[in-house]
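This report describes selected local features of a single structure. The sequence and model are shown first.

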Amino acid sequence: QVQLVESGGGLVQPGGSLKLSCAASGRFFRLNTMTWYRQAPGKEREAVAAITSDGSTNYADSVKGRFTISRDNARITVYLQMNSLKFEDTAVYYCNVRAVRAPWTQPTEYWGQGTQVTVSS
């Protein structure tokens, strides 16, 4: 099993910044793609940013130029630096990891518990 613990959410004013962290622990062979999702009230969960094991990144159009995803493989942690936050960024942010538990096996998907980000004046 892989456990994911998110932190860094909170209340911020429009234009402000927050940095989310997601630390992974447990037994696994390799972590593949690590992704941040978010879900706003009444809306479907959407992918915000993803980073592969070799560092390639991808972003939703709504956050390009404002959010930066990174990972520290030594600390088994993925980060989401969020700048120029807008009201519409308010949501619960979830960490998602595809982990390979043993060589030559298919990856398994794991989710964190979520952390609330509220952008309000």
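## Surroundings of Arg66

Leaving aside neighbours within four places in sequence, Arg66 is in contact (heavy atoms within 4.5 Å) with Gln81, Met82, Asn83, Ser84, Leu85, Lys86 and Asp89. Arg66 is found in the loop between β6 (57–59) and β7 (67–72); strands are DSSP runs of E with at least two residues, numbered from the N terminus.

With a relative accessibility of 10%, Arg66 counts as buried; buried means under 20% relative accessible area, computed with a 1.4 Å probe on protein chains only. The Arg66 side chain reaches two backbone oxygens: that of Ser62 at 2.9 Å and that of Ser84, also at 2.9 Å.

## Basis of the model

The model is predicted: local features need pLDDT of at least 70, side-chain atom pairs count only at pLDDT 80 or more, and totals for chains, interfaces and linings use all residues. Residues are numbered from 1 along each chain as its sequence is written, and side-chain values use heavy atoms, with hydrogens and water left out.

## The disulfide

The count comes to one disulfide, defined as a pair of cysteine sulfur atoms within 2.5 Å. It is formed by Cys22 and Cys95, whose sulfur atoms lie 2.2 Å apart. This pair links distant parts of the chain, 73 residues apart: Cys22 belongs to strand β3 (residues 18–26) and Cys95 to strand β9 (residues 91–100).

The torsion about the S-S bond of Cys22 and Cys95 is about -80°, so the disulfide is left-handed. Cys22 is buried, at a relative accessible area of 0%, and Cys95 likewise counts as buried at 0%.

Notes
Helix = DSSP H or I, 4+ residues; strand = E, 2+ residues; numbered from the N terminus. Buried < 20%, exposed > 50% of the residue type's maximum accessible area, 1.4 Å probe, protein only. Polar contact = N/O pair within 3.5 Å; in protein donor to acceptor, adjacent residues only side chain to side chain.
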